[in-house]
Amino acid sequence: MCGIIGYIGRREAAPLLLNGLKRLEYRGYDSAGMAVLNGSMKMLKKKGSVSNLEELLNVSGTVMLGATVGIAHTRWATHGDPSDRNAHPHMNVSDDIALIHNGIIENYSTLKQELMAEGYEFESDTDSEVLVHLIDRIWKNDLALGLEGSVRHALRHVDGAYGICVVSSREPDKIVVARKGSPLVIGLGDGEFFIASDAAPIVEHTNKVVYLSDGEMAVVTRDNYTVKTIENVEQQKRVTELDFSLEKIEKGGFEHFMLKEIFEQPEVMRDVMRGRVRVEEGLVQLGGIHDYLDRLKQAKRIVICACGTSWHAGLIGEYLIEEFARIPVEVDYASEFRYRNPIVSADDVVIVISQSGETADTLAALRLAKEKGAMVMGICNVVGSTIPRETLCGMYTHAGPEVGVASTKAFTAQVIVLFMLAMALSKGRTISHEEIRLNLRELADVPDKVARILEQNDAIKEIAVKLKDARNALYLGRGYNFPVALEGALKLKEISYIHAEGYPAAEMKHGPIALIDEDMPVIVIATRDNTYAKILSNIEEVRSRKGRVIAIASEGDREIERLTKDVIYIPQASAAVLPLLTVIPLQLLSYHVATLRGCNVDRPRNLAKSVTVE
Ligand code: F6R
């Protein structure tokens, strides 16, 4: 996701900041920029890679000479396309305050309207820009507040997540930083300080760091730093000594991007719901489709087109939308849809789902659906990619950049978006307000439950040891867990190269049962829902043919232990949110099997992150 680097000291700031941005490139980004102070504010920003910004610096960087304080940013778009003007830093009208921001300001549109009514002009489409104008307004109204006080007051008006760095030529010898939900770390050098979103750009300068906690602000000068809460209470902070390598820091301390991304899921899930779900009010607000919701509700049929993991998310979407919104849904492989002359008309809504927003088959399906007159909506992760540009409306998943080739956090983010969509389509039509509220409660509880599942990582690794020499594996699930069985099998085959198949459990007796013997591990998702008793019978069938069973079961289920010793427990939850929980152990299982087999999990053979060819 976005990256932050700030510097205050006695050395030239611009080259240090540029170097810091290069260290942050691994996080994924679409534009970069920096602002420094040398008497007045100087800013440069550019769409594309840090090398684009470097070229700009080579041409116009002399204006930045002599600056020993500055802030810089790599942006991953959430609000507004990747472009020069949406890149950070953002400045106030008088160009004397500059701000960089990671996170999402949920109430930005209300704040923006207020500020515009007072005559503030916006130069970007970002949520972040409201912050700099808000600080400007507060400071103008009470000069005594200074930069620190103005930032503090501004943050009191803000809902959402942020990690921010702010500088001003009115108080040129300080950087004011604050964090809520978006990490910030201060690197302590000798007569100099670094501020960053993670330790990667800091570690080559110092190994002494202070991590800010949520709700804290810091004022950093050349000689000192003070940390206070946003309520202005001074905090004593512990200095931590880093003993990680740069490579490990880039992966958040994890061995691989895939593992990092699996572990990011509780946070990502909260980000997906941020500003969109209001549990107590039973409200789902989906800005990207708001104006088209009535048309969506009137659809005669919804067709979901996608590939791979995104197709599995689409299957869960089918179950959710049909169960709650009672609109018929078909899910098609985009590659099949585009070539089979499908029946699609203006009464249909076609939803395309894609992490990258660039998958060739999905794009072709989208274009065909448009040609046939259907309303086309997108669910994508990469802002400004081709698919969101070509769809009429849509929703971003806000999962942040996914670097590991095997999709993990993007999948769970897609499922959450589909869940929210199902609720929005049901509202006022098919289920009561109370049912919506209960479903949203279940959804909002998911991130904490996922965090509890992740705590079982070591136990899951032990089970993976038993699976690592298998040549085949079968995944079984029913209902909402059937697409999860497909996804579990896909994860295993793509990164460990073990042949695996997913099936609806009841289909086993129609063919796959012939494969079962002592060499066939069977991973069964056997959670407590309306198909539980039937799944237990499936497990008995496997056992009686000497198949080895690994079960994913609900906490408190002792019956399952009678049937297999290899059980991974997940917290109790309603059936509709189960895929968000049951998929987690399957992701971890595949990861561990693959690493135990010595496979390159982040770059599996023959696979590409974005399949832009047929
Ligand atoms: C599997 C995986 C692929 C993608 C598929 C579609 O882990 O990543 O199956 O899901 O190539 O990609 P997107 O979602 O970018 O359209």
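This is a predicted model: local features need pLDDT of at least 70, side-chain atom pairs count only at pLDDT 80 or more; totals for chains, interfaces and linings use all residues.
## Domains

The domain assignment divides the protein into three parts: domain 1 (3–249), domain 2 (254–444) and domain 3 (448–607). Between the C-alpha centres of domain 2 and domain 3 the distance is 25 Å. In the contact between these two domains, 33 residues come from domain 2 and 34 residues from domain 3.

## The ligand site

The ligand is surrounded by 15 residues, of which the closest are Ser310, Ser354, Gln355, Thr359 and Glu494. Domain 2 (254–444) and domain 3 (448–607) each contribute at least three residues to this shell. Two helices, H10 (308–325) and H17 (481–496), each provide at least two residues of the shell. Sorted by class, the shell contains five nonpolar, eight polar and two charged residues.

A polar side-chain atom of Thr359 is 2.4 Å from a ligand oxygen atom. For Ser407, a backbone N or O atom is 2.9 Å from an oxygen atom of the ligand. In the side chain of Lys491, an N or O atom lies 3.0 Å from a ligand oxygen atom. Taken alone, the ligand would expose 410 Å², and the protein buries 90% of that area.

Strands of a sheet pair through backbone hydrogen bonds, in either a parallel or an antiparallel manner. The model contains an open sheet of eight strands with antiparallel pairing, in the order E3-E2-E4-E1-E10-E9-E11-E14. At its edges are strand E3 (40–47) and strand E14 (240–241), each of which pairs on one side only.

Strand E2 (residues 31–38) and strand E4 (residues 69–75) are joined in the antiparallel sense over six bridges. Ser31 stands opposite Arg75 in E4.

## Two backbone features

Most peptide bonds are trans, and most residues other than glycine have a negative phi. Two places in the model may be read against this background. The peptide bond from His88 to Pro89 is cis, with omega near 5°. Pro89 belongs to the loop between E4 and strand E5 (90–91).

Asp95 has a positive phi of about 55°, although this residue is not a glycine. The position of Asp95 is in the loop between E5 and strand E6 (97–102).

How values were computed
Residues are numbered from 1 along each chain as its sequence is written. Side-chain values use heavy atoms; hydrogens and water are left out. A residue is near a molecule or strand if one of its heavy atoms lies within 4 Å of it. A polar contact is a pair of N or O atoms within 3.5 Å; within protein, one must be able to donate a hydrogen and the other to accept it, and residues adjacent in sequence count only if both atoms are side-chain atoms. Accessible areas come from the Shrake-Rupley method with a 1.4 Å probe; for residues, only the protein chains shown count as cover. Helices (H or I, at least four residues) and strands (E, at least two) are DSSP runs, numbered from the N terminus. Ala, Val, Leu, Ile, Met, Phe, Trp, Tyr, Cys and Pro count as nonpolar, Asp, Glu, Lys and Arg as charged, and the others, Gly among them, as polar. Domain bounds come from an automatic or database domain assignment. Two strands pair if DSSP finds at least two bridges between them. Contact means heavy atoms within 4.5 Å.
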